[in-house]
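Open the model in your viewer and keep the selection tool at hand. This tour goes from stop to stop.

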Amino acid sequence: MPLSGEYVPSTWDWVADQVETYERTGGAEANTLRETNIPIVIITSMGASSGKIRKFALMQVEHEGEYALIASKGGAPEHPAWYHNLVAEPLVEIQDGPEPHDYTTEIVTGVERQAWWDRGAAIYAPYIEYQEKTDREIPVFVARRVD
């Protein structure tokens, strides 16, 4: 069941542009994090405060059909805004290619978190530096497809 409501694009122009291009081309364009060539996915969530649809790109950290959503915010002392959205409403859509699908998310801890963290760091090594920069443990959500 797709999320519904008014969509409010990101206030960061490059994020809004990437989301728009990725969706318009079914993931054929704007499908990497800027110049890194690291694949991304588009996450659609419900805004915790606004109740509006929000969309953003994250690294594609996929394993056996599940995805890690790593709330790094570049090692900032606070969580990214989307973290609060997923805590308030764990149902999201993830688009990894032409079509989005419904997923439910949960924060993982312990051994499971470490396994997903290691997968993420193997794809995007700066996650390790981000964790070193901040006193907070960077949360890791796992998204599992809803059938």
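Select helix H3 (residues 110–123) and helix H4 (residues 126–133): they pack at an angle of about 120°, with axes 8 Å apart. Because of that angle, H3 is oblique to H4. Angles under 35 degrees count as roughly parallel, over 145 as roughly antiparallel, 65 to 115 as roughly perpendicular and the rest as oblique. Axes are lines fitted to C-alpha atoms, for helices over the stretch in contact, and angles run from 0 to 180 degrees between N-to-C directions. Helices (H or I, at least four residues) and strands (E, at least two) are DSSP runs, numbered from the N terminus.

This is a predicted model: local features need pLDDT of at least 70, side-chain atom pairs count only at pLDDT 80 or more, and totals for chains, interfaces and linings use all residues. Residues are numbered from 1 along each chain as its sequence is written, and side-chain values use heavy atoms, without hydrogens and water.

Stay with H3 and H4. Show Arg113, Trp117, Gly120 and Ala121 on H3, then Tyr127, Ile128 and Gln131 on H4; these make the contact (heavy atoms within 4.5 Å).

Next, the sheet. Color its 7 strands in the order S2-S1-S5-S6-S7-S4-S3; the sheet is open, with antiparallel pairing. Two strands pair if DSSP finds at least two bridges between them. S2 and strand S3 (62–63) are the edge strands, each pairing on one side only. S3 pairs with strand S4 (residues 66–70) over 2 bridges, in the antiparallel sense. Pick histidine 63: its bridge partner in S4 is glutamate 66.

Move to S5 and S6. They run antiparallel, joined by 5 bridges. Select isoleucine 94, whose bridge partner in S6 is histidine 101. The hairpin has 4 residues between the strands, and glycine 97 takes a positive phi near 115° there.

Step across to S7. It is joined to S6 by 6 bridges, and the two run antiparallel. Find threonine 104; arginine 144 in S7 stands opposite.

Last stop: the largest pocket. Which residues are the closest to its centre? Select Trp12, Val15, Ala57, Leu58 and Trp82, out of 29 lining residues. S2 gives the largest share of the lining, 6 residues. By class, the lining has 17 nonpolar, 7 polar and 5 charged residues. Ala, Val, Leu, Ile, Met, Phe, Trp, Tyr, Cys and Pro count as nonpolar, Asp, Glu, Lys and Arg as charged, and the others, Gly among them, as polar. On a 1 Å grid over the protein atoms alone, a pocket is an open set of points where a 1.4 Å probe fits, with protein on both sides within 12 Å along at least five of seven lines; lining residues have an atom within 4 Å of a point.
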